[in-house]
Amino acid sequence: MSKALTTFALVAVLTALLMALSLAVARHGYPYGAIGVRRLDGIADAGTFIPLAAVFFFSALLMMILPIRAASIVLTHCADAIFWAVIVLFATIVGGLLARWAFGQGSAMLALLNWRFLFAVAVVGCHFVMNELRRNVLLRSLFFVVFAAATLACLFWSFTL
């Protein structure tokens with residue numbers, strides 16, 4: 001947990017510094033600053049977490065039914081990578097919004113109220129409780145169904161409001 005928090009903090013700070021540099025350069029009228037801001041804003045979309053969550057939930061579904069050795073391969077080669085991608089992506093979004101807030105765009109932080117960020121929270125939460133789910137046969141069976149439903153929902157539901 002502490003490794004995830006320090007990674008999140010480091011990526012958020014570095015992104016905030018890059019966004020602040022881009023905003024400062026753009027404020028002085030150079031076109032390179034606007035390009036940097038556009039590139040950092042291009043990845044700052046809460047909808048990006050939906051396909052990542054689908055792949056993560058599918059890997060979690062596989063971990064519920066596979067034997068321990070095969071499940072460990074899925075964990076180390078798929079679920080961990082997606083977990084860290086979600087951490088880095090969310091930290092990038094938060095860092096960019098913090099830099100915008102520091103440059104006087106007070107409403108920038110309201111972007112964090114998007115409900116689609118719950119997919120990032122779900123991935124992180126599931127990753128931290130995955131060991132507990134594997135130990136209990138009843139929980140494993142129950143969460144096999146939960147992860148199957150979550151995978152299908154992430155893949156085929158439009159989630160528009």
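Okay, a definition to start: when I say helix, I mean a DSSP run of H or I with at least four residues, numbered from the N terminus. And keep in mind that this is a predicted model.

Let's begin with the largest pocket. It holds about 210 Å³ of space. Which elements give two or more residues to its lining? Helix 1 (2–27), helix 4 (68–102) and helix 5 do, and helix 5 gives the most, with 4 residues. The lining residues include M1, L5, F8, F90, F117, V124 and F128. By class, that lining has 12 nonpolar residues, with no polar and no charged ones.

Is F128 buried, exposed or partly exposed? F128 has 38% relative accessibility, so we call it partly exposed.

On to the second largest pocket, at about 170 Å³. The class breakdown here is 8 nonpolar, 4 polar and 3 charged.

Last topic, salt bridges. Side chains of opposite charge can pair when their charged atoms come close. How many salt bridges does the model have? The count is 2.

In one of them, R100 meets D41 at 2.3 Å, N to O. R100 is in helix 4 and D41 is in helix 2, so this pair ties together parts that are 59 residues apart in sequence. R100 is buried, because its relative accessible area is 14% and the cut-off for buried is under 20%. D41, at 32%, is partly exposed.

The other bridge joins E132 and R135, at 3.0 Å, N to O. Those two are 3 residues apart in helix 5, so about one helical turn separates them. E132 is partly exposed at 46% relative accessible area, while R135 is exposed at 62%.

That's my tour, happy to go back to any of it.

Definitions and conventions
Residues numbered from 1 in each chain as written. Predicted model: local features only at pLDDT ≥ 70, side-chain atom pairs only at ≥ 80, totals over all residues. Heavy atoms only, no water. Buried < 20%, exposed > 50% of the residue type's maximum accessible area, 1.4 Å probe, protein only. 1 Å grid on protein atoms, 1.4 Å probe; cavity = no way out; pocket = protein on both sides within 12 Å on 5 of 7 lines; lining within 4 Å. Points joined across faces, edges and corners; volume = space filled by probe spheres on them. Nonpolar A, V, L, I, M, F, W, Y, C, P; charged D, E, K, R; others polar. Salt bridge = Lys/Arg side-chain N within 4 Å of Asp/Glu carboxyl O.
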